[in-house]
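Subject: Structure for you to look through

Dear colleague,

I am passing on the structure we spoke about, and below it you will find an account of what turned up in it. Please keep the viewer open as you read, so that each residue can be found as it is mentioned.

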Amino acid sequence: MPLPDGAHSPGGVYRGARGGGHTNRTFVFDDGRCAARQPGAGDGGRGDGALLDTASLKMSDLDSELVPLPPRYRFRDLLLGDQSFQNDDRVQVEFYVNENTFKERLKLFFIKNQRSSLRIRLLNFSLKLLTCLLYIVRVLLDDPALGIGCWGCPKQNYTFNESSSEINWAPILWVERKTALWATQVTVAAVSFLETTLLTYLSYKGNIWEQIFRVAFVLEMINTLPFIITIFWPPLRNLFIPVFLNCWLAKHALENMINDFHRAILRTQSAMFNQVLILFCTLLCLVFTGTCGIQHLERAGGNLSLLTSFYFCIVTFSTVGYGDVTPKIWPSQLLVAIMICVALVVLPLQFEELVYLWMERQKSGGNYSRHRAQTEKHVILCVSSLKIDLLMDFLNEFYAHPRLQDYYVVILCPTEMDIQVRRVLQIPLWSQRVIYLQGSALKDQDLMRAKMDNGEACFILSSRNEVDRTAADHQTILRAWAVKDFAPNCPLYVQILKPENKFHVKFAEHVVCEEECKYAMLALSCICPATPTLITLLVHTSRGQEGQDSPEQWQRMYGRCSGNEVYHIRMGDSKFFREYEGKSFTYAAFHAHKKYGVCLIGLKREESKSILLNPGPRHILAASDTCFYINITKEENSAFIFKQEEKQKKKGFAGQGLYEGSSRLPVHSIIASMGTVAMDLQNTECQPAQSGGGSGGSKLALPTENGSGSRRPSIAPVLEVADSSTLLPCDLLSDQSEDETTPSDEEGLSVVEYVKGYPPNSPYIGSSPTLCHLLPVKAPFCCLRLDKGCKHNSYEDAKAYGFKNRLIIVSAETAGNGLYNFIVPLRAYYRPRRELNPIVLLLDNRPDHHFLEAICCFPMVYYMEGSVDNLDSLLQCGIIYADNLVVVDKESTMSAKEDYMADAKTIVNVQTMFRLFPSLSITTELTHPSNMRFMQFRAKDSYSLALSRLEKRERENGSNLAFMFRLPFAAGRVFSISMLDTLLYQSFVKDYMIPITRLLLGLDTTPGSGYLCAMKVTEDDLWIRTYGRLFQKLCSSSAEIPIGIYRTESHVFSSSEPHNLRAQSQVSVSMEHHEETREAQGPWGSRAGTGGGGHTVGGGSAERPLLRRKSLPWARRLSRKGARHTGKAAAEEISQQRLRLHQRSERQELSELVKNRMKHLGLPTTGYDEMNDQQNTLSYVLINPPPDTRLEPNDIVYLIRSDPLAHVASSSRSRKSSCSNKLASCNPETRDETQF
């Protein structure tokens, strides 16, 4: 094989020389020691040796011995000083790439060279078209009525006689051909003949008859030789020659020309395009051949014109057959029959090939148009397998943003399109905007088809349904590398499953690690209930219209608040915040919420890239700051409507603070219409307070109620610039000092002193360092085992440890690196030491030493081998002493044949635990969100069935959160990681969503940024009354920013409303029940609200005792009590009471089962309370509720608390004690709670 120019071979140096029409290559053989030499000019180009033409070299010549070089060449080398080659015999061999003959030169020009061959074929195609055009001209100029005959012979007139069966062949054999036309046709025929002969000679390979009897060659001879003969025999100039058959030669030349064109430009056109072109040319040739043939043969018959013949062919080939034009003589009839047979044979073959290519194109998806890629914007979605749920989540979330409506979505997937996906993409809403391409991101050809280099973004999603998630991550990493290599300027949005693989794609613009977010969210849900629901609602795009047609008030309020999302705006450009320039962050947050109903949660300095959540009152706002806030819609889509009183004082707003003088009631009327929010700014004047806290009292004077003169307790105002004595929450500062003191006497066991520091061992690369509570000395691995004693301690169950706080149990299949992110948020430095809950990891498989090394530095973290479906394992790990149980989805369940059955085992196991331990708060992770309807399933619960119908209506209305009204999701009891896919999709428009989410979950800890926590509203705190006053109290006292409420309600639905959801059933779902709630309430731990709205939690007289007995007399009394109801409603109530009696009996049996197992294991049964459950409660999340929302007992408020270490260095202990004196009402016994 030829070597490149300048390449060395073992025997010589290779040269390249290009001559006229050929290329040669030269080797100088010198046994490995000689140097390259040029051919000499005096020896005819042969050089210093014999020139061998290897093309003409025979095999016998290869065996012959080469003649040694003449002595004169050796002497010349000696004179030139080439001493090293004195005794060497060298032969210079010149290799030719092409044969140096005239035939090879012609073949190179006519056939092998792509560009010259293309020109020749273009000339051939043009000649064939010209001959067809000349034939049409000849037909139009020829008139058989003027006479028929050979050239130079007397003309004869011919008239067709229909009654005669004889055919006059003269009109068929002879035509009238003008001299100029004849000369032109002869010239074209001669050129075509010479070209065909030359190409046949050049392509000849051994069999001359095969070349002669080719169809193309025969047609060429039929249409060219007769014209050449007429040169030598003039009478034949008027002989008919079927030149119209050249259309088939033109078709053949066109196919070859297209192939040469693709070779010349080194690009391949679509096979679909080629096949369509061939089919079109075949149809055109059939029609043209039939038209010309019938017209000519009918010269001896009906003498049809060319247009009439064309009309007849179209009618015939389309199988219409009007019958108004018919052939008159049998030759034309025979031609029609032949043409129909040919069409029946040729066209089906062409159509079959076309259909096959069309089907293949449908599978592969074709190409994304380059013209469209240059004129329109598009994004690429790369997935290993595309499921309908993933597709709809992406499309609904992506196109929910108005500025993305004109974008195209190109899906690049290696698998064939699913049937359900195909049906969805055929919907007109998506068919014009979504293009599916079957291909691999690792192939440049497929990336070129998707026009990756012109894409606005590329989303690379992992296949979470794979059993081996590490392998799925490896595929994602390769896709990301391939896309970055092919299109380095295309932004990447990558989804990774395992945290240890995250650093491989750190070059991507946005990366979401599923296991990191999942475990951090589940951990935070143990101290901030329903955190998964809170985050899911924040990262979903919603209009806030869900549930507005429901008769249930909680559904309307819950659906309305679910429309709140995170937005950003530059402070100097904002109507919300620009008037607070130079004010403290907490001052701006409170007043913006009071006036506009927006919740300011964080900001970013212009010179900094870090986002700070609630930077605290020390932070002074600047016009260049970027503000992040929670609202129904962004400020740009809001219209501000002032009332008449406000317009009269509009000038006063520019020169003074918004709340100088009289205060105004908060915004409580927000009307959403077509994506625009109209805010009604009220100007209701309130009476100033008679007394206040100094000068600040007049700014936030409390209005009187209904002019009665009764006063509510006052709340300190939020200062424009924070006072140094009230900067930080007192509970955190006091806790920092308490941690250094000696252990309390309340603890029976000796308490190990904890230290604050950074974990010394991170299980993977890329984990964010977080300051945590740590053990002063790492615990031995043997002490981490909960159910087995060791030489350091003899404890074998949770009871023996004597933990002060309730346990948190995590059930997982393996101790993956993501589980590390479950422990860190629960051991963060801002969690008070007295509130740390013991963590027990219930693992199916034994953890490796690498994981144990990472967790052995954390206090009160243990593991145990066992399964969640084993009652003995649950009892041994201390489930009766636990407040929270987290069940993590298992990878092994992904192998289910039916995708949606992957959650079957998890759902049944959790349902069993729900029945065995009804007081336990269970948070479950599922693979598919649609399966959450089976959580805590009750087949005969009519209220759950009504919620199911509500979900279907919301889905039909196009809601992206149709599942939000399912009680387990609303209460935060179920979670699917696929709900967080929208976090990656939203980052295309909101590039700050991933950092904000990571800050809320505690995955990242930016200095000066706050963290998410929760506090509970008790009966003593109800004097605050509204959420707006609570906002003021928190901002003024502890600089905390509330962002939402987790509300638990007790519902009793009246049976007097037959067509209402309330008239159907009582709620029968077990919800979270905190330790404080259990202490304050009865054994059932629930209350019945009797307010007009059907959701108000009553207190004192509003409470009525629930059923506490199981005897038959008790059931009879209930029956007699229910006899006051008549008709169907009374019967239904009796049926419900009997059903509850049956459930109580069943629960008693389950209680005996649990106690027997505990006795068998040697565990005390005193801690098991089977009666402490919640059968009539429901819980839901309200994000950024209106300021006038009434607070209710047991409301849990989500807070963003400022960083306690942001200003610790400038704080003194005297300041801490002063803070403690001012806020003496704080209760140190609550868990992350602020009391008033």
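In helix α11 the residues L306, S309, F312, C313 and V315 are buried. Please keep in mind throughout that this is a predicted model. After α11 comes T319, whose phi is positive, near 60°.

Turning to the aromatic rings, the count comes to 35 aromatic pairs. One of them joins Y399 and W430 in a tilted arrangement, with 5.8 Å from centre to centre and 40° between the planes. Because Y399 lies in the loop between α14 (388-398) and β6 (408-413), while W430 lies in helix α16 (residues 428-431), the pair ties together parts that are 31 residues apart in sequence. Both Y399 and W430 are buried, and ring pairs link them into a cluster with other residues, including F394, F459 and Y985. Elsewhere, the charged end of R138 sits over the ring of Y135, 5.0 Å from its centre, and the charged end of R833 sits over the ring of Y754 at 5.8 Å from its centre.

A search of the whole structure finds 25 salt bridges. In one, the side chains of R449 and D446 meet at 2.8 Å, N to O; because these residues are three apart in helix α17 (residues 444-449), about one helical turn separates them. R449 counts as buried at 15% relative accessibility, and D446 also counts as buried, at 10%.

Another salt bridge brings together E509 and K484, at 3.8 Å, N to O. This pair links distant parts of the chain, 25 residues apart, with E509 in the loop between β9 (492-496) and β10 (510-513) and K484 in helix α18 (residues 469-486). E509 is partly exposed, with a relative accessible area of 41%, and K484 is partly exposed, with 21%. Finally, a network of salt bridges links K502, E516, R998 and D1004.

Technical notes. Residues are numbered from 1 along each chain as its sequence is written. This is a predicted model: local features need pLDDT of at least 70, side-chain atom pairs count only at pLDDT 80 or more; totals for chains, interfaces and linings use all residues. Side-chain values use heavy atoms; hydrogens and water are left out. Rings of Phe, Tyr and Trp (its six-membered ring) pair if their centres lie within 6.5 Å; planes under 30 degrees apart count as stacked, over 60 as edge-to-face and the rest as tilted. Helices (H or I, at least four residues) and strands (E, at least two) are DSSP runs, numbered from the N terminus. Buried means under 20% relative accessible area, exposed over 50%, partly exposed in between (1.4 Å probe, protein chains only). A charge sits over a ring if NZ of Lys or CZ of Arg is within 6 Å of the ring centre and within 35 degrees of the ring normal. A salt bridge is a side-chain nitrogen of Lys or Arg within 4 Å of a carboxyl oxygen of Asp or Glu.
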